[in-house]
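The structure is shown first, followed by the description.

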Amino acid sequence: MNDKINSSVITILLLGIFAGCSGERENDPVPVTVESLDVALQESVSQVILPTVDEFVVGSLALQIATESFCSNISSASLQIAQQQWIDVSNSWFKLAVYNIGPLNDDLVFPKYTFIDSLRLRGTNYLSTIRSEISKNLSNEAILNEAFFDSQTFQKTGLLLLEALLFETSSEQLSDLNEITSEYQFNSRKCELLIGASAYLNRNALYVQNGWQTSYLQSANSFEYLLVNDLLEDDSDPLALIIVSVQGHLDYLQKRNVVTVSSSLAGTAWQQMSASIDEVEELLNGTTDATTSYFRLMEFAGFDNSVSLVKENFQRIRQAIESQEVDLLASELGRLDGNFKREIPNALAVELSINFTDGD
């Protein structure tokens, strides 16, 4: 009798073990798969990153058109339009700068991003250099053509040059609209500088767009193709590359105290900060057209708490931006930075083999 009971118990236990191994329960977490990550990667690139690249190109062209229009009809009203276009394109830049990979950073010595935003390299404000260069070029006889701008070092061009040209006078750094327009009316070379600088920004934007969508480093393939098909020359994991890029940008925003340094003349640093955070959140959330997203994959894998934590940190950052509290913003950016080092890669089973930087 006891032998029969023992035999039955053993049989039940074995059946239970086999049943547990035969499949997953309906509510069990679903491990992240290569296939699901591939879909999320493809959609995040096509629906989030590439539209951001295009937005920056459109914005830089709109700024070029606005500066040409201003110089053909110099007035306070046309200056304000050009100033607003600068604000718009600088905000779109702070979205694109989240992805400091591929065409933005494809040269070890002269990466393209530095010629767009000199602050991004080491957090150094080159405004005094820009002001000196403007004064020098307004008085010398250098031909301010395309070759001139292509030969400039990164400290002397980009968004900062355009900001100084549009938001202050070169003589006494006055911000009054009438003073700025008057200076343009009495020195035609300032318009040559302005139009040349905006055209140069647009050329750099087109370079980035071409690299992402058509030909990366003059190859037959676009960076988008190489990224989504895991064909990068250095064998970098595509998702790890993006995660590290986002983390590096957040680290830069925090440790370089960007909100206190950037766009000091235009006064739009908080807008720029908000644009960056919007971009990072959309990258994780996906668009309304997405079939999946990184947040969804994290939740399906059972990391609901991690998703809630990240979303809470986004909200904390937005509150700091709304109240414009510098120290609080730095603290909250540090939290989100940490999420991209730990919770997000852990939930997505991504190995971050690339060393983290401090935003340099």
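In this predicted model, Glu 133 and Lys 136 both belong to helix 6 (residues 127-139), where three residues, about one turn of the helix, separate them. Their side chains meet in a salt bridge, at 3.3 Å from N to O. Glu 133 is buried because its relative accessible area of 12% falls under 20%, whereas Lys 136, at 42% relative accessibility, counts as partly exposed.

Glu 133 also forms a salt bridge with Lys 156, with 3.8 Å between the closest N and O atoms. This pair links distant parts of the chain, 23 residues apart: Glu 133 is in helix 6, and Lys 156 is in the loop between helix 7 (146-150) and helix 8 (159-167). Lys 156 is partly exposed, with a relative accessible area of 27%.

A further salt bridge joins the side chains of Glu 146 and Arg 203. Here too the pair links distant parts of the chain, Glu 146 in helix 7 and Arg 203 in helix 10 (residues 188-213), 57 residues apart.

| Salt bridge | N to O distance |
|---|---|
| Glu 133 and Lys 136 | 3.3 Å |
| Lys 156 and Glu 133 | 3.8 Å |
| Glu 146 and Arg 203 | 3.8 Å |

The structure holds 13 salt bridges. A network of salt bridges links Glu 312, Arg 316, Glu 332 and Arg 335.

Ser 263 lies in the loop between helix 12 (238-255) and helix 13 (269-285). Ser 263 is buried, with a relative accessible area of 6%, and its side chain reaches the backbone nitrogen of Thr 268 at 3.3 Å.

Definitions and conventions. Residues numbered from 1 in each chain as written. Predicted model: local features only at pLDDT ≥ 70, side-chain atom pairs only at ≥ 80, totals over all residues. Heavy atoms only, no water. Helix = DSSP H or I, 4+ residues; strand = E, 2+ residues; numbered from the N terminus. Buried < 20%, exposed > 50% of the residue type's maximum accessible area, 1.4 Å probe, protein only. Polar contact = N/O pair within 3.5 Å; in protein donor to acceptor, adjacent residues only side chain to side chain. Salt bridge = Lys/Arg side-chain N within 4 Å of Asp/Glu carboxyl O.
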